[in-house]
Amino acid sequence: MIVNMSEKATEQEINHIIERIREAGYQPHVTRGTERTIVACVGSGGRRHELESLAAAAGVTEVVPIAQPFKLVSRQVKPQRSTINVGGVTIGDGTFVVMAGPCSVESREQLFSTANAIKAAGATILRGGAYKPRTSPYEFQGLGVEALRLLREVREETGMPVVTEVMSTEDVDLICEHADMLQVGARNMQNFALLRRLATAKKPILLKRGPSASVKEWLLAAEYLLAGGNPDVVLCERGIKTFETETRNTLDLASLALARELSHLPVVADPSHGTGRRSLIAPMSRAAAAMGADGLIVEVHPCPERALSDGAQSLDFEGFRQLMDALAAPMRPATVLAGSAARAGSQLRA
Ligand code: PEP
Ligand code: MN
């Protein structure tokens, strides 16, 4: 349930409602907007009828059910968009944030050269996998702790915050010491033990959508993080499984837009895993920027043909510079405007 407070509600009235929600057996979550305060009641096993009665309390406009199964993640509970601070870089404030770097950290030289190249081209967050979820146990599994150390060093040298994947609850503390943001990979989106652990971490989370997860399941996975105490979540659409075999996954931009409609959390696109093809990264990135995505995460490697993972979808440095130029180039309003002006003209003449 949500208790919508009136614009004129006093602090005392709001505090009273918070207390009554606790008494009824629920946890209150307060969102203070510019005009009014909303108090969401979450949890199970409480006395719902006591919440309904709060409609009669002073300072309350209405008590309404939360329409969606995800609660704290929903825009009904928090209509204004969230901004997430990743080591000094803000995601979700209307700017388009580009995170880039290698799929896997492979060596000092590979990581440092990539970090410098993406920074020079305009990226503001470095990605790099230390622990790699690989389909086959015979594929490169990541450098682990050695990669974490390199990520920390490069972050100190370049000043760029870093994001890296966490695959296991055991690694959470160590990764928190080395990285600014922890990525939950697509395969772990519904690893509930990991989500519960990350809910208590003091670092923001990049939550990738599972390849077969619905938007509702994705947002419920995010709900685990928020309900457990971590409000700093960025969602990432990275492509889903469809019947199409020419692309590695199908980058589902409609669901990206839907996630932004249903949730206040920022949502970024991963066109690298979302297509599996280098040639499709620029067009899909432009599409994501045009539709209001909060940013991108893109794979870049100094020599993609030698990459230990995901070479086919990695851009080289020049390719990444071209992508950044493409993102800065205007879209195509002129053609559309010319067309509509011509139509308007012909209507006038008719
Ligand atoms: C990655 O970012 O390299 C990765 C493995 O991503 P995903 O979990 O989306 O497959
Ligand atoms: Mn990858």
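This is a predicted model: local features need pLDDT of at least 70, side-chain atom pairs count only at pLDDT 80 or more; totals for chains, interfaces and linings use all residues.
Local features are reported only at pLDDT of at least 70 and side-chain atom pairs only at pLDDT 80 or more, whereas totals for chains, interfaces and linings use all residues. Residues are numbered from 1 along each chain as its sequence is written, chains are lettered from A and ligands numbered from 1 in the order in which they are written, and side-chain values use heavy atoms, with hydrogens and water left out.

- Strand β1 (residues 2-5) is joined to the antiparallel strand β3 (residues 37-42) by 3 bridges, with Val3 having Val39 as its bridge partner and Asn4 standing opposite Ile38.
- Strands β1 and β4 also pair in the antiparallel sense, over 4 bridges, and Ile2 stands opposite Val64 of β4.
- In a regular strand the side chains alternate between the two faces of the sheet.
- Both faces of β1 are covered, since Ile2 and Asn4 on one side and Val3 and Met5 on the other are all buried; buried means under 20% relative accessible area, exposed over 50%, and partly exposed in between, with a 1.4 Å probe and protein chains only.

**The closed barrel**

- A closed barrel of 8 strands, with parallel pairing, runs β7-β8-β9-β10-β11-β12-β13-β14, and its neighbouring strands are turned by 25° against each other on average, direction ignored.
- Strand β7 (residues 97-101) pairs with β14 in the parallel sense over 5 bridges, and the bridge partner of Val97 in β14 is Gly295.
- Helix α3 (residues 108-121) lies across β7 and β8 (125-127), running at about 145° to β8.
- Helix α7 (residues 215-227) packs on the sheet, where it touches β11 (205-208), β12 (233-237) and β13 (267-269), and its direction makes about 160° with that of β12.

**Ligand 1**

- Ligand 1 is surrounded by 13 residues, of which the closest are Arg127, Lys132, Ala186, Lys208 and Arg238; a residue is counted if one of its heavy atoms lies within 4 Å.
- Polar side-chain atoms lie at listed distances from an oxygen atom of the ligand: 2.9 Å for Lys132, 3.3 Å for Arg187 and 3.2 Å for Glu299.
- Taken alone, ligand 1 exposes 290 Å², and the protein buries 98% of that; accessible areas come from the Shrake-Rupley method with a 1.4 Å probe, and for residues only the protein chains shown count as cover.

**His301**

- His301 is placed in the loop between β14 (295-299) and α11 (317-328), and it counts as buried because its relative accessibility is 5%.
- The side chains of His301 and Glu106 are joined by a polar contact of 3.0 Å, that is, a pair of N or O atoms within 3.5 Å, of which, within protein, one must be able to donate a hydrogen and the other to accept it, while residues adjacent in sequence count only if both atoms are side-chain atoms.
- The side chain of His301 also reaches the backbone nitrogen of Cys303 at 2.9 Å.
- Leaving aside neighbours within four places in sequence, the residues in contact with His301 include Gln110, Arg306, Ser314 and Asp316.

- Thr275 is in helix α9 (residues 271-275) and is buried, with a relative accessible area of 4%.
- Beyond its neighbours within four places in sequence, Thr275 is in contact with Thr247, Arg248, Asn249, Leu280, Ile281 and Met284.
- Glu146 is in helix α4 (residues 145-158) and is partly exposed, with a relative accessible area of 47%.
- The C-alpha atoms of Glu146 and Ala130 are separated by 7.9 Å, these residues being 16 residues apart along the chain.

Technical notes: Two strands pair if DSSP finds at least two bridges between them. Helices (H or I, at least four residues) and strands (E, at least two) are DSSP runs, numbered from the N terminus. Contact means heavy atoms within 4.5 Å. Axes are lines fitted to C-alpha atoms, for helices over the stretch in contact, and angles run from 0 to 180 degrees between N-to-C directions.
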